[in-house]
Structures are given as structure tokens and as C-alpha cells.
Amino acid sequence: METTREGIVCSNLDQMDVVFDRTEVLHDTPTSYCPGCSHSVVHRLIMEVVEELGILEKTIGVAPVGCSVFAYHFMNVDMQQAAHGRATAVATGIKRVLPDKIVFSYQGDGDLAAIGTAETIHTINRGENIVMIFINNGIYGMTGGQMAPTTLEGDVTSTTPLGRDIYRQGHAIKITEMAALMDGSYYVTRQAVNSAKTVRKCKKAIKQAFQFQIDGKGGTSYVEVVSNCPSGWKMTPIEANKKIDEQVLDYYPLGDLKTPPKGD
Amino acid sequence: MGKKLLMKGNEALAEAAIRAGVKGYFGYPITPQSELLEYMATNLESRGGAFVQAESEVAAINMVYGASGTGTRVMTSTSSPGFSLMQEGVSYMACAELPCLLVNVVRGGPGLGTIQPSQGDYFQAVKGGGHGDYKLIVLAPNSVQEMADLVYLGFDLADKYRIPTLILSDGALGQMMESVEFPEYNVEEHLVDHSSWTTVGRENGREQHYITSLHLLSEKMEEINIHLQDKYKKIQENETRFEAIQTEDADILIVAFGLSSRSSQKALELAREQGLKVGILRPITLFPFPSEELKRLAKTVKGILVVEMNAGQMVEDVRLSIGSNIPVDFYGRMGGMIPQPDEIVEKIKSLSKQVKNLAG
Amino acid sequence: MAKIHGHVKIEIENCKGCELCVNECPQDSLKMSKNINEKGYHYAVLNDDTCTGCTNCALVCPEAIITVYRESKTAKEKIATITDVKNNISISVN
């Protein structure tokens with residue numbers, strides 16, 4: 001399928017190399033995500049990493065409850081669907097009985113930082129050698145746009161119609177900073193996918209996280225991806241990605257919060 | 001093998017599980033079953049399994065879910081309040097058809113309750129304690145020997161039918177010490193090949209396996225439910241187990257499981273000494289319930305006395321099963337109290353009188 | 001005629017009209033079509049020949065429906081021929 005009805009036609013395509021193509025580790029199924037949703041981008045990055053690292057035959061993912069509950073319909077690896085908040089417990093169960101496999105969990109902000117907080121803290125505390133992917137878009141998308149633990153002060157959601165008030169609803173929680181403080185975490189980083197530049201960096205970080213697991217490095221590798229929710233934020237994808245640059249990243253700055261000690 | 005050991009119920013169960021090939025134990029401490037967790041902590045990893053003391057029962061059951069999805073023999077154990085916490089995970093596992101062994105060493109409730117034994121979780125166990133239409137295979141031991149024996153059976157049934165199987169024990173059985181002999185059991189011969197559905201990585205590039213209990217399309221969800229119900233029917237037809245003690249000439253039939261069956265056995269002795277023809281039907285599988293055998297016995301006995309350590313739970317299934325006019329009486333102690341043999345004999349006597357009056 | 005250094009192909013039926021690729025293209029080569037696909041979305045198209053094959057669009061595309069091509073080094077225009085290397089090296093410029 002390609003654009004031939006309109007737009008430019010290339011005269012010397014046969015003299016060109018393909019420098020970017022859709023990875024085979026994504027299902028052909030079009031995603032059910034909203035236009036512009038960061039989930040789709042991160043799914044793609046994880047699958048590209050799985051393909052490039054050659055770990056398709058031993059990768060098992062755990063899908064959360066939330067917009068990405070059907071992650072297994074898009075990511076073409078063995079996956080288990082976990083109860084809300086429990087993805088890292090499920091991942092622990094898999095990794096403990098099959099320690100040679102590569103296991104990753106994929107969670108939204110409600111899953112990881114609300115109902116699953118105990119599992120999040122204790123999985124990291126035990127230093128489970130898994131990759132945790134945290135999609136932080138400051139809202140509960142699947143259920144209609146309610147406040148998340150990471151919703152910023154002042155942001156309007158369906159359960160904070162007047163904007164989040166820190167005295168009534170608490171602060172936006174800095175769970176990734178908590179993860180970095182724990183001895184069980186090995187690599188903790190915060191990335192974004194709201195521009196080509198951040199996408200490139202994010203992919204590098206995800207690849208690093210998986211490589212650490214392949215190398216059997218003790219401890220949990222944790223990648224937070226500051227993401228958008230155009231539908232929940234009631235913005236266009238371009239506006240939503242701009243909000244990340246102009247507002248969200250001030251509170252949740254990008255970069256590595258914890259890197260392994262040198263020589264490790 | 002062939003050696004008689006003196007062991008505590010909880011520990012006998014744990015030892016049996018290790019011999020039955022359990023390779024993953026995920027649990028949380030709670031009285032009166034913490035010894036099971038501790039036995040696993042001490043012994044499982046040196047004998048080839050993975051042990052995790054989870055942060056809660058909620059986490060534990062989800063670890064069991066994940067590990068079970070790899071086709072590994074796994075289990076957890078808890079007591080009543082902890083089993084309540086696990087219900088969501090159990091419902092998910094029942095729907096996703098994940099085999100595992102669960103153990104509930106029941107204590108007095110409701111609420112935080114007491115640590116003394118009880119049978120107050122019968123409904124929760126056999127009617128499906130979590131949401132949705134599902135059943136678990138429920139096995140009820142009444143001795144330390146059965147705490148061990150039913151583990152082998154439990155794992156085999158769980159694997160055969162892809163169903164979470166529950167051992168419904170109680171605080172006394174968990175704590176008491178009796179002699180136990182572990183049978184010969186070749187794990188390899190009993191393991192089932194689950195490779196058609198397990199999530200272990202797309203080996204040799206095979207197509208993706210995924211495990212889920214989410215089926216948004218109602219037509220599909222109904223299909224899944226019909227499949228589950230068919231499975232439960234098959235289990236009902238093939239896996240019912242019970243013990244019948246002197247039932248063939250009984251006038252009064254005691255129906256009791258677990259610890260209450262032990263008191264009832266003593267009561268039977270005392271009653272028979274006094275010339276009363278008493279028998280005991282002891283369900284070993286609570287699901288599937290021995291309805292057929294009960295129906296059969298209801299034709300020959302004159303009255304049924306159900307003895308439980310609760311407010312009257314299994315008695316409802318007894319009444320449902322027999323569908324006849326013979327009196328069904330109930331004797332129960334709650335909150336951790338154990339029915340005593342002499343109390344049961346009194347009830348047998350009064351039921352006998354009642355039955356005689358009805359006849360005459 | 002200007003040289004095309006890069007090119008993209010877009011699976012327009014799976015485009016959801018998010019416009020992130022249009023926004024990200026440093027050459028402004030991409031544009032949203034006035035037409036809609038079967039799902040009702042306006043889709044992105046390559047509008048002129050200034051594409052350099054930088055892959056920015058494909059990187060931000062949530063649907064992974066963009067394939068990016070870039071001129072390979074072997075396809076450069078011949079500018080000179082070197083002959084008779086053993087004896088006299090002679091170079092003739094085209």
C-alpha cells in the first residue's frame with residue numbers, strides 16, 4: 001500500500017536504499033490507538049529493539065490494563081495480559097521460573113503508580129532483572145480521561161474539572177525518582193517520543209535497557225516515556241507534543257536518573 | 001519413600017509439593033500457614049525451584065499467574081483473608097485456564113477473625129469466590145497424610161484440565177503433627193506438555209502465544225464461558241472423590257469434610273456403641289460435589305446430619321443434591337470452635353428421635 | 001530537474017491524519033491531502049521533491065506506515081573516467 005494517487009512520484013527509486021521500514025515484529029494490524037498517540041511509537045521502538053538484538057525467540061512481554069491492554073495484538077511477541085497494576089508481579093513470576101528469557105512489562109501511569117505502586121516498588125526493590133516500560137501521559141485514557149497520579153497541578157481532567165488542586169488531590173507523583181533511589185534499580189531513565197530527536201534518544205535508552213537484561217546485569221532497568229494523550233488532553237497531536245516540551249518536561253525532566261557504575 | 005515421618009500438616013504439604021515437581025512458590029506470611037511459606041523458603045531453591053516472598057497476597061497470585069503461563073508447576077498458599085485478596089487473580093486464572101495449586105488454610109472469620117480453624121470459606125471455594133462464572137477443583141484433606149496425598153492429585157488435575165485447583169484445609173490440619181508417608185511419584189511421567197499455548201518466547205519463530213482473560217466481543221466471551229462450563233461438566237463426571245464409612249446399613253448419615261469429619265468419626269464410634277446405625281459420607285472433592293452418591297444414599301438412610309465449622313454452607317449443597325423428603329439437620333460451630341464428638345452424638349440422637357417420630 | 005535525494009512511501013489507508021510527520025519534516029516536503037482515506041482521515045503525502053530521506057517523519061509516525069528511501073552512494077553521477085592505469089593514467093572529465 002502506498003501513495004500513488006497523488007504526491008510526488010520518484011523517478012529513481014531503484015537507485016535508492018531503504019533506510020527505514022516497518023519492523024516485522026509488529027503485527028500487520030492497524031493499532032487501535034488515537035491519532036498521534038505515543039503508545040504506538042513506543043510499541044514500535046520496543047519491537048525494533050527486540051528485532052535488532054535478536055531476542056525475538058526468548059522475549060515475553062506483559063501487557064497492562066489501560067489503552068494498551070491489547071498490546072499483544074500489535075506487538076508480535078509472546079505476551080501475557082495482567083490484572084490492573086500487577087504487570088510487574090506477573091513479570092516477576094515469569095522471570096523467576098524462566099531466568100534465561102527476556103521479560104518486559106509495559107504499563108501506564110495508573111497501572112504503575114496508582115493501583116500497582118506496591119508491585120512497582122517491590123519488583124524494583126527485589127532488583128528483578130526485567131525491563132519496565134512506563135508510559136506516563138498524566139491521564140487515564142482508556143476509562144475516559146480521569147486524573148492520574150502523574151497529572152500536573154492545574155490540569156483539567158474528567159475528575160479534576162477545575163484543574164488538579166494539590167491540596168485536595170495531592171501532587172503529581174515522582175515515582176521514577178523513587179525508583180532511582182532504590183538499590184534494586186540498575187538503570188533508570190526518562191525519555192520522550194514527541195519529536196524525531198527524542199524518539200532517537202528513547203530508542204537508544206530502550207535498547208540499553210534490554211541489553212542490560214541480556215547481559216544479566218543485576219537490577220531492574222526502568223524506562224519512563226513521557227507521553228501524550230491527545231484525546232484526554234483535548235488537543236491535536238502536534239499541540240499535545242508541544243505541551244510536553246513546554247510544560248510536562250519542566251516537572252518531569254528528561255535524562256538518566258540512574259546509570260550503572262562505571263566498569264560494570 | 002516407604003518411610004513414615006512425623007510432620008506438621010503445613011510442612012507435609014510443602015514437602016509433597018516439592019516432590020510433585022513444583023518449580024515456583026510465591027506466597028505471603030499469614031497465620032496459620034506461614035510454616036508452608038517458610039518450608040519453601042528453606043527447601044525449594046536448593047531443590048530446583050524459585051521462591052519469592054511477595055509483597056502481598058495480591059502480588060503473590062499474580063506472580064503465580066505469570067509463572068503458570070510458562071507451563072511450569074507453581075503454587076501459592078494463604079489463609080482466609082489472604083485468599084480474599086487473591087480472588088481477582090484466581091478469577092483471571094480460571095478464565096485464562098492457567099493450571100496451578102492454591103492452598104487455603106482456613107481460619108475463623110469473617111474479617112480478620114481468629115487463627116483457629118474454620119470451614120467458613122466453603123462458599124468462597126466452591127461457588128467461585130471471585131467474579132464471574134467459574135469453578136475451581138476443590139480438595140478437602142482431613143489428615144496430615146491427605147495434606148500430602150492431595151497435593152499430587154491437585155497438580156495432576158490442574159494440569160489435566162488447565163484449572164486452578166484449591167486445597168481447602170484449615171488451621172488445625174495445618175498445625176497438627178501426624179505420621180505421613182510420601183508415595184513414589186515420577187514427576188516426568190506426570191507433567192503435561194503445555195507447549196501449544198505457553199508464553200516462553202517465539203521459539204523457532206513460531207506464531208505468537210498470548211494469555212488473556214479479556215474478550216470484549218460478547219459472542220467470544222460466551223464461547224469461552226460455554227467452553228469452561230463444558231469443562232466443569234467433564235470434571236463433575238470424572239473426578240468426584242469421597243470416603244464412605246459404614247454407609248451401607250446407616251440410618252443416620254453424617255456428611256462432613258475436613259476436620260469436622262475427624263470429630264464425626266469419633267462420634268460414629270460412640271453412636272454405634274450405643275446401637276445407633278450411623279454412617280459418614282466424607283466428600284474429598286468439594287467441587288465436584290458427590291451429589292450422585294448422596295442421592296443414592298438418600299434412598300436408604302432415614303436422616304442426614306451435616307456437621308461443619310461454619311454457619312451452614314455445605315448443608316445447602318447436600319439439600320440441593322438429595323431432592324428428597326428425608327430430614328437434613330445441621331450442626332455447626334463457628335469462629336474457630338471445633339465440633340466435639342459428644343456434641344455430634346447428641347445431635348445424632350435427636351435426629352434419630354425425629355426420624356422415628358416421622359416413621360411411626 | 002532537481003535531484004531527489006530521498007523519498008517516502010506512506011500506507012495512506014492506515015494514516016490517521018495526526019500530522020506529526022508534516023510537523024517534523026525539516027524540508028516541509030510533506031503535506032496533508034485534501035482527500036480522505038477509507039477510515040475518514042486526511043492522510044499525509046509527499047508534496048515535493050525536496051525529501052532528503054532523513055527519516056524524521058518515520059521516526060515520529062505512530063502507525064509505522066512510512067518507508068523511507070535515500071539515494072545510495074553508488075548512484076552518483078559519473079563525472080570522470082580513468083583509463084589505462086598500468087601505463088599512462090589518463091583522465092577524461094565528462
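## A quick tour of chains A, B and C

None of the 21 residues of H9(B) is buried, so this helix lies largely in the open. "Buried" here takes 20 or more other C-beta atoms within 10 Å of a residue's own, while 12 or fewer makes a residue exposed and anything in between partly exposed, with C-beta atoms placed from the backbone. Helices (H or I, at least four residues) and strands (E, at least two) are DSSP runs, numbered from the N terminus.

This is a predicted model, where local features need pLDDT of at least 70, side-chain atom pairs count only at pLDDT 80 or more, and totals for chains, interfaces and linings use all residues. Residues are numbered from 1 along each chain as its sequence is written, with chains lettered from A and ligands numbered from 1 in the order in which they are written.

- H9(B) covers residues 218-238 and reaches 30 Å from its first C-alpha to its last, close to the 30 Å expected; the expected span is 1.5 Å times one less than the number of residues.
- H6(B) has 13 of its 18 residues buried, so the rest of the structure largely encloses it.
- Just after H6(B) comes B:Arg162, with a positive phi of about 50°.

**A buried serine in chain B**

- B:Ser77 sits in strand S4 of chain B, residues 74-78.
- B:Ser77 is buried, with 32 other C-beta atoms within 10 Å.
- B:Tyr25 is 52 residues from B:Ser77 in sequence, yet their C-alpha atoms are 8.5 Å apart.
- Beyond four places in sequence, the contacts of B:Ser77 include B:Gly27, B:Leu36 and B:Val103; a contact means C-beta atoms, placed from the backbone, within 7 Å.

**Chain C by itself**

- Chain C has two helices and six strands, in the order β-α-β-β-α-β-β-β.
- Of its 94 residues, 45% count as buried.

**Where chains A and C meet**

- 35 residues of chain A are in contact with 37 residues of chain C.
- On the side of chain A that touches chain C, S1(A) gives the most, with five residues.
- That side of chain A divides into 18 nonpolar, ten polar and seven charged residues; Ala, Val, Leu, Ile, Met, Phe, Trp, Tyr, Cys and Pro count as nonpolar, Asp, Glu, Lys and Arg as charged, and the others, Gly among them, as polar.
- S1(A) and S4(C), residues 66-71, run antiparallel and are joined by four bridges.
- C:Tyr69 in S4(C) stands opposite A:Val18.

Definitions and conventions: Contact = placed C-beta atoms within 7 Å. Pairing = 2+ DSSP bridges.
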